[in-house]
Amino acid sequence: MTVPPVPDAIHRALSRHPEIVQERLLDIRHMIFTVAADIGDVGPLTETLKWGEPAYLTEVSRSGTTIRLGATREAPQESALLFNCKTSLIDMFRTAFPDEFKFYGNRALVIPADRAMPCKPLLFCLSAALTYHRRKGTGSRSQRSKKPKTPSPHACPASIDSIAGLMPIKANARSYLLSRQRSKIRLSVGAQCSQPFWAISSSSWPGPQPA
């Protein structure tokens, strides 16, 4: 797929961050568009600014929750993904990836500046956010009635060498998370766990339904 050029407003919003944060956020932006296209039925993304930060919305399909890119007050030198605090995403990510990211409250996932980009976990987190409402059954009616298309073998943008080929989007949540040998991760068994992770049913997704 072709990732759209970075709008001037997005460039200006990112320019207030340190250079390393800008570079990482642009890489994550690339990943967001690529993963959205490969998942299927997410539809075109809306790229805009929310609270002065780049934000990515699934306005057409309503399949996911908003992803914002920026930094936190606690860690201004580190890049962050921010999510709606009413979702259960941060709770899940904190349980699944306690060593890869830092977390602040129930909104922010922070990538430590002193280590390489944790590509596999990031792909998982972006896919989970882009399909959050679809798993909950709260997306648009037409979107819910469709089956996800078969994704391409590689979800990562080829222009980001550190990411390409690390995690095929066809990987399922159960095999990936269980491979981490985290005994505290509880996943229900059954057919739902054999699905790609963006198609996990609401019964296997932790946390309360967002308002």
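**A helix across the sheet**

Me: At about what angle does helix H4 run to strand E3?
Reply: This is a predicted model. In it, helix H4 (residues 119-130) lies across strand E3 (67-70), E4 and E6. The direction of H4 relative to E3 is about 135 degrees.

Me: How many helices and how many strands does the protein chain have?
Reply: From the N terminus on, the elements run α-α-β-β-β-β-α-β-β-α-α-α-α. The totals for the protein chain are 7 helices and 6 strands.

Me: Which strands stand at the edges of the sheet?
Reply: The open sheet has the order E1-E2-E3-E4-E6-E5, with antiparallel pairing. A strand at an edge has a single partner strand, so one side of it is left without a neighbour in the sheet. That applies to strand E1 (46-50) and strand E5 (102-104).

Me: What is the average twist from one strand of the sheet to the next?
Reply: The sheet is made of 6 strands and is open. From one strand to the next, its twist averages 25 degrees.

Me: Which residue of E6 is the bridge partner of Leu81?
Reply: Strand E4 (residues 79-82) and strand E6 (residues 108-111) run antiparallel and are joined by 4 bridges. Within this pair, Ala80 stands opposite Val110. The bridge partner of Leu81 in E6 is Leu109.

Me: Which residue takes a positive phi in the hairpin of E5 and E6?
Reply: E5 and E6 run antiparallel and are joined by 3 bridges. Phe103 has Leu109 of E6 as its bridge partner. The hairpin has 3 residues between the strands, and a positive phi near 60 degrees is taken by Gly105.

Me: Which residues of E6 point the other way from Ala108 and Val110?
Reply: In a regular strand the side chains alternate between the two faces of the sheet. In E6, Ala108 and Val110 point one way, and the four residues concerned are all buried. The residues pointing the other way are Leu109 and Ile111.

Me: Within what arc do the buried residues of H3 fall, seen down the axis of the helix?
Reply: Helix H3 (residues 89-96) packs on the sheet and touches E5 and E6. The buried residues of H3 are Leu89, Ile90, Met92, Phe93 and Ala96. They line one face of the helix, because seen down its axis they fall within an arc of 160 degrees.

Me: Which residues does Phe93 contact, leaving aside its neighbours within four places in sequence?
Reply: Phe93 is one of the buried residues of H3. It is also among the residues that touch the most other members of the largest nonpolar core. Its contacts are Phe83, Pro98, Phe103, Leu109, Cys125 and Ala128.

Me: Which elements give two or more residues to the largest nonpolar core?
Reply: In soluble globular proteins, nonpolar side chains tend to be buried together. Here the largest nonpolar core has 40 residues, and Ile28, Ile67, Leu81, Phe83, Phe93 and Leu109 touch the most other members. The elements that give two or more residues to this core are helix H1 (8-14), helix H2 (19-39), E3, H3, E6 and H4.

Me: How many residues make up the other core, which includes Ala75?
Reply: This core lies apart from the largest one. Its members include Ala75, Ala80, Leu82 and Val110. Its count of residues is 5.

Me: Is Thr65 buried or exposed?
Reply: Thr65 lies in the loop between E2 and E3. Its contacts beyond four places in sequence are Tyr56, Asn84, Thr87, Leu89, Ala129, Tyr132 and His133. Because its relative accessible area is 5%, Thr65 is buried.

Me: Is Trp51 buried or exposed?
Reply: Trp51 is in the loop between E1 and strand E2 (53-57). Its phi is near 55 degrees, a positive value in a residue other than glycine. With a relative accessible area of 71%, Trp51 is exposed.

Technical notes: Residues numbered from 1 in each chain as written. Predicted model: local features only at pLDDT ≥ 70, side-chain atom pairs only at ≥ 80, totals over all residues. Heavy atoms only, no water. Pairing = 2+ DSSP bridges. Axes fitted to C-alpha atoms, helices over the stretch in contact; angles between N-to-C directions. Contact = heavy atoms within 4.5 Å. Buried < 20%, exposed > 50% of the residue type's maximum accessible area, 1.4 Å probe, protein only. Arc of directions from axis to C-beta. Core = buried A, V, L, I, M, F, W, Y, C linked by side-chain atoms within 4.5 Å.
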